[in-house]
Amino acid sequence: MSFDPSTLIYDSNGLIPCIAQQDGTGEVLMMAWMNVEAVAKTLETKRVTYWSRSRQSFWIKGETSGHTQELVDLRVDCDSDCLLAVVRQTGAACHTNRRSCFYTSVIDGEEVELMAPMS
């Protein structure tokens with residue numbers, strides 16, 4: 001059975017959330033948005049491509065920073081309205097130069113920084 005990205009459920013802006021997870025460890029790295037063409041480009045090139053809502057353009061992860069995401073597996077959730085990209089992350093996944101965008105925890109009502117930027 002052939003996969004067609006247009007069969008996914010996109011929001012009113014034509015976007016679908018995609019969670020990036022590190023291959024092998026399961027570490028959650030980031031969440032970003034894709035449109036139908038970004039999904040197709042990601043599958044075709046194996047370089048994870050997102051849609052930048054602020055720039056209104058494609059964003060190939062690592063194109064300018066060198067912190068790339070190589071696609072290992074693209075998974076579709078049960079409702080076809082969210083994606084999981086299993087990736088091989090090179091360098092930081094977060095624009096703050098941290099390994100993961102999820103570097104803040106809320107503990108007893110307080111924000112706690114779990115990791116510093118990578119050097």
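Two residues touch here when they have heavy atoms within 4.5 Å of each other. Everything in these close-ups comes from a predicted model.

**View 1. Ser 52 and the residues around it.** With touching defined that way, Ser 52 touches Ser 57 and Trp 59, leaving aside residues up to four places away in sequence. Ser 52 belongs to strand β3, which covers residues 49–52. Is Ser 52 buried or exposed? Its relative accessible area is 7%, and the cut-off for buried is under 20%, so Ser 52 is buried. Look also for the Ser 52 side chain, which reaches the backbone nitrogen of Arg 55 at 3.1 Å.

**View 2. An open sheet of 4 strands.** The strands line up in the order β2-β1-β6-β5, with mixed pairing. Out at the edges are β2 (28–34) and β5 (69–76); each has a single partner strand, so one side of each has no neighbour in the sheet. From one strand to the next, the twist averages 30 degrees. Zoom in on β1 (residues 16–22) and β2 and you'll find an antiparallel pair joined by 6 bridges. Here Ile 19 sits opposite Met 31 of β2.

**View 3. Helix α1 against the sheet.** Helix α1, residues 36–45, packs on the sheet and touches β1, β2, β5 and β6 (83–89).

**View 4. Aromatic pairs.** How many aromatic pairs turn up? The count is 2. In one of them, the rings of Tyr 50 and Trp 59 have centres 5.0 Å apart and planes at 40 degrees, so this pair is classed as tilted. Tyr 50 is buried, at 0% relative accessibility, while Trp 59 is partly exposed at 26%. Trp 59 also turns up in View 1, where it touches Ser 52. Then there are Trp 51 and Phe 58: ring centres 5.1 Å apart and planes at 80 degrees, which makes the pair edge-to-face. Trp 51 has a relative accessible area of 17% and is buried; Phe 58, at 28%, is partly exposed.

**View 5. Charged side chains over rings.** Stay with Phe 58 for a moment: Lys 41 lies over the face of its ring, 5.0 Å from the ring centre. Now move along to Tyr 103, where Arg 98 lies over the face of the ring at 3.8 Å from the centre.

Conventions:
Residues are numbered from 1 along each chain as its sequence is written. This is a predicted model: local features need pLDDT of at least 70, side-chain atom pairs count only at pLDDT 80 or more; totals for chains, interfaces and linings use all residues. Side-chain values use heavy atoms; hydrogens and water are left out. Helices (H or I, at least four residues) and strands (E, at least two) are DSSP runs, numbered from the N terminus. Buried means under 20% relative accessible area, exposed over 50%, partly exposed in between (1.4 Å probe, protein chains only). A polar contact is a pair of N or O atoms within 3.5 Å; within protein, one must be able to donate a hydrogen and the other to accept it, and residues adjacent in sequence count only if both atoms are side-chain atoms. Two strands pair if DSSP finds at least two bridges between them. Axes are lines fitted to C-alpha atoms, for helices over the stretch in contact, and angles run from 0 to 180 degrees between N-to-C directions. Rings of Phe, Tyr and Trp (its six-membered ring) pair if their centres lie within 6.5 Å; planes under 30 degrees apart count as stacked, over 60 as edge-to-face and the rest as tilted. A charge sits over a ring if NZ of Lys or CZ of Arg is within 6 Å of the ring centre and within 35 degrees of the ring normal.
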